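Dear colleague,

I am handing over the structure below, and after it you will find an account of what turned up when I went through it. Please read the account with the structure open beside you.

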Amino acid sequence: MAKLTIPAEEWMFSGHAACPGCGPALAMRLLLKGLGPRTIVSVPACCWTVIGTPFPTTALRVGVLDNAIEATGASISGLRAAADALGLADVTVVGFAGDGGTADIGLQALSGMLERRTDAIYAMYDNEAYMNTGVQRSGATPWGAWTTTTPVGPAARGKPEPKKDVMGIVLAHRPVYAATLSPSFPEDFDRKVELAKGLRGPRFLHIFAPCPPGWRFDSAETIALGRLATETGVFPLYEVLDGRLRITRKVSTLRPVSDYLAKQGRFQHLTPEEIARIEAQVRTDWERLLAREREDGPAPA
Amino acid sequence: MLEIRFHGRGGQGAVVASELLAQAAFLDGKMPQSFPFFGVERRGAPVTAFARIDDRPIRVRTSVTEPDVVVVLDPGLLATTPVSEGLRPGGLLLVNTRTAAEALAGPVGIRRATVDATRIALARGLGTSMMPIVNTAVLGALSRASGAVSPEALDRAIAAFVPARPDANRDAARDGYLQVRAAPAREGPSAAPAHPRPPPVPIPEGPIAFLSSESTPTAAWRTFTPVIHRERCTRCNFCWKFCPDDAIELGADGFPRLRAAFCKGCGICAAECPPKTIEMVAEA
Ligand SMILES: Cc1ncc(C[n+]2csc(CCOP(=O)(O)OP(=O)(O)O)c2C)c(N)n1
Ligand code: SF4
Ligand code: SF4
């Protein structure tokens, strides 16, 4: 048998209520593999509340706190304080929230948690819209994407605003560790989770999480789409440890973004000019990332 | 008043079916009502929707618990959901299935009808083979088997309210109308009285959620099942690694095995298997 490249143990139960091919469901499964059983997860209102905890069931073998959508950052500060008061120093406290609950509604609570230097991991699973309530645009929805609140028609071309740079906002708080992760690269994903687990202080994980019904693609393509997102530069994989940025998945030549966009119904309306505009932005961002990595240099031995 | 309950799975269009039915009834000059059950509407998950049709304004606003007609968009639900619960004597059970109406195990005293709406939908190019959209074909069958709405009104409702491929949907409804087959009610001692409601789940002290989600299998969600052909399997375990439902386990011999109770049929394992040794096979 080929050697397992990620932990064998499962801390997420089957039978959960995620759609077939759900990226966020795989994200939770991989996250818990890396974190193990001594973990408490705080979940705000989002798809994962419905996926994981319809009363009286739970899809997690670890403790779960359901909390309000604004409150993930505050709730993990509170959980950390409670765990410390009980002498549970070995427990990892994790917030697991959607992009709407992170980039928009819970942004101040996230900022507060980072600034307080809470010893916890905040994981944002980014399915790029408010999916649980039926695909409304969020601050993290990319430019040009169709959602039910950024329609496509004679007078509208999908989302007119660019995607919010959540990693940029988080990095401005100088966290101990911040990284981008994708379930399409499970080994890189697991390494980052285990690295984060071993650190103390505020840590942030930005997880790419394709949503078949929301992005309108075949559920079998979840993994392939995640790979394309990284290979086109749409979702580069990198980490920032002690302020030093390192790209963890080197891409020598970016594939054209159309390879990624063409697979999804939410981008079907885009014209060649609009695709070129996205391409130009992706390449600019990628060059900036490479420049920052060069500037930061390798970690001191 | 005619009360109708739809059972489908998320993505098949059960909610839209109840809306279209109400629109068609309105075009027939009736006073309809339509609304879904508010629950988990995940693609593949069981979904319930309701419709009422009357000549007078309808005041009642509650779920339909004693329907005159039950419409089942997915035959797999017959095994997992008590679809005929509360059906009134003399009522109608309409199922999308390849099975003949006579062979349908409906309750005593209930008329039965069947239509192969999946085949119609696929022939008309509606939805994908993984998830055919069967609602308009089923509505055509419903129009004929129940007389709830006229086929003309259904044609017009589809033209006016179906945004994608209205022509193919209208043709599917006409196919359904022509192809539906009915059977008389089964005879025998009448069925037991309405199902007693299960008692409320007691809330224990301590953690609120006390059942694992593995107490709620999701096998009924899927349309296609992965079949793993061992001969070509290299035991790379990619299928295990990428399954969002942890529905593949690795045996001591290293070969993957399907945990069929929990597979939703997303197709990821088949797509990611490097030697392409997993085949997605349509559920019977
Ligand atoms: C203050 C508040 N506003 C709105 C809602 C309704 N609501 C529940 S889940 C949800 C969607 C959350 O979206 P996101 O955080 O992106 O997670 P996803 O559903 O995409 O997984 C919304 C808007 C709420 N629970 N609380
Ligand atoms: S809507 Fe999207 S994110 Fe939510 S459960 Fe379904 S696939 Fe997952
Ligand atoms: S089709 Fe494959 S990947 Fe999808 S749920 Fe079933 S076993 Fe898992």
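Between chain B and chain A there are three salt bridges, and one of the pairs that forms a salt bridge is Asp246(B) with Arg29(A), whose closest N and O atoms are 3.9 Å apart. Please keep in mind throughout that this is a predicted model. Across the interface of the two chains, the rule also finds 23 residue pairs in polar contact, counting pairs in which both residues are at pLDDT 80 or more.

As for the extent of this interface, chain A brings 49 residues to the contact, while chain B brings 37 residues. The size of an interface is often given as the accessible area that is lost when the parts come together. Here the area buried between chain B and chain A is about 3,400 Å², and carbon and sulfur atoms give 59% of that area.

Turning to the ligands, ligand 1 has 16 residues around it, of which Gly100(A), Gly101(A), Tyr125(A), Met131(A) and Asn132(A) come nearest. Gly101(A) also places a polar backbone atom 2.7 Å from an oxygen atom of ligand 1, and for Cys47(A) the distance from a polar backbone atom to an oxygen atom of this ligand is 3.0 Å. With Asn127(A), by contrast, it is a polar side-chain atom that lies 3.0 Å from an oxygen atom of ligand 1.

Ligand 3 has 13 residues around it, and those that come nearest are Cys243(B), Cys263(B), Cys266(B), Gly267(B) and Cys269(B). The shell around ligand 3 is made up of 10 nonpolar residues, two polar residues and one charged residue. As for where this ligand sits, the space that ligand 3 takes is the largest cavity.

With best wishes

Technical notes
Residues are numbered from 1 along each chain as its sequence is written. Chains are lettered from A and ligands numbered from 1 in the order in which they are written. This is a predicted model: local features need pLDDT of at least 70, side-chain atom pairs count only at pLDDT 80 or more; totals for chains, interfaces and linings use all residues. Side-chain values use heavy atoms; hydrogens and water are left out. A residue is near a molecule or strand if one of its heavy atoms lies within 4 Å of it. On a 1 Å grid over the protein atoms alone, a cavity is a set of points where a 1.4 Å probe fits but cannot get out, and a pocket is an open set with protein on both sides within 12 Å along at least five of seven lines; lining residues have an atom within 4 Å of a point. A molecule sits in a cavity or pocket if more than half of its atoms lie within 2 Å of its grid points. Ala, Val, Leu, Ile, Met, Phe, Trp, Tyr, Cys and Pro count as nonpolar, Asp, Glu, Lys and Arg as charged, and the others, Gly among them, as polar. Contact means heavy atoms within 4.5 Å. Buried area is the accessible area (1.4 Å probe) that two parts lose on being put together, summed over both. A salt bridge is a side-chain nitrogen of Lys or Arg within 4 Å of a carboxyl oxygen of Asp or Glu. A polar contact is a pair of N or O atoms within 3.5 Å; within protein, one must be able to donate a hydrogen and the other to accept it, and residues adjacent in sequence count only if both atoms are side-chain atoms.
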